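Student: Hi, could you walk me through this structure? I'd like to start with the charged pairs.

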Amino acid sequence: SRFSRNSAGSGAAIWNDAPATIADSTFSENSAGSMGGGISQRNFTLTITNSTLANNSSCRYGGAIDAWGTTVILRDSTVSGNSAGRLGGAIDNWGGTVDSTNSTIVMNRADADGNGSGSGGGIYNYDSTLRITNSTVSGNTAGSYGGGIYFWDSYPYDTEVTITNSTVTGNTSGSYGGGIYLFRTVALSNS
């Protein structure tokens with residue numbers, strides 16, 4: 001399936017509050033006035049397999065994917081060239097899980113409006129578990145914190161960060177954490 005050049009306040013291509021599985025699809029050049037340039041997902045599980053999310057944009061959160069209370073499963077997919085005005089150039093996730101395997105998150109930008117306030121050029125993860133396996137996070141940019149990845153876990157600090165057999169390279173931030181800005185213990189293996 002192909003979703004291209006759609007626009008909305010939130011979830012320019014898809015806004016969903018139910019389990020969702022997306023395979024062999026392309027999301028490109030969609031634009032959201034607030035959040036979720038490609039997809040806004042609320043709760044449940046969003047599974048994306050063998051798909052591309054490219055050149056989508058949002059004025060605030062989640063250039064490609066905006067998720068709240070959601071498990072986002074990314075498999076064999078590419079998320080590239082997306083932008084958000086504030087948080088999560090590619091993906092922003094609040095209170096859920098991001099699980100990326102055999103995927104590429106490249107050349108995304110948080111701070112599309114250029115005011116230096118954006119965080120999480122590739123992934124913005126807040127009070128959420130993050131697992132990255134056999135994946136690449138590269139060439140992403142944030143105006144403020146976490147060029148590649150921004151991760152924050154507030155009390156009771158019950159989430160986890162695991163990065164295995166992956167590459168985080170060539171990311172840039174205006175302030176702290178060019179590759180990763182992290183407020184949590186991280187488990188790194190062969191990365």
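This is a predicted model: local features need pLDDT of at least 70, side-chain atom pairs count only at pLDDT 80 or more; totals for chains, interfaces and linings use all residues.

Student: How many salt bridges are found in the whole structure?

Tutor: Six, where a salt bridge is a side-chain nitrogen of Lys or Arg within 4 Å of a carboxyl oxygen of Asp or Glu.

Student: Which residue does Arg-75 form a salt bridge with?

Tutor: Asp-99, with the closest N and O atoms 3.4 Å apart. Arg-75 lies in strand 12 and Asp-99 in strand 16, so the pair ties together parts 24 residues apart in sequence. Strands (E, at least two residues) are DSSP runs, numbered from the N terminus.

Student: And what does Arg-131 pair with?

Tutor: Glu-160, in a salt bridge of 3.4 Å, N to O. Salt bridges that share partners join Arg-75, Asp-99, Arg-131 and Glu-160 into one network.

Student: Changing topic: is Asp-99 buried or exposed?

Tutor: Asp-99 counts as buried, at 14% relative accessibility. Buried means under 20% relative accessible area, exposed over 50%, and partly exposed in between (1.4 Å probe, protein chains only).

Student: What about Leu-188?

Tutor: Leu-188 is exposed, at 58%, and is found in strand 28.

Student: Where is Ser-189, then?

Tutor: Ser-189 is in strand 28 too, and is partly exposed at 33% relative accessibility.

Technical notes: Residues are numbered from 1 along each chain as its sequence is written. Side-chain values use heavy atoms; hydrogens and water are left out. Helices (H or I, at least four residues) and strands (E, at least two) are DSSP runs, numbered from the N terminus.
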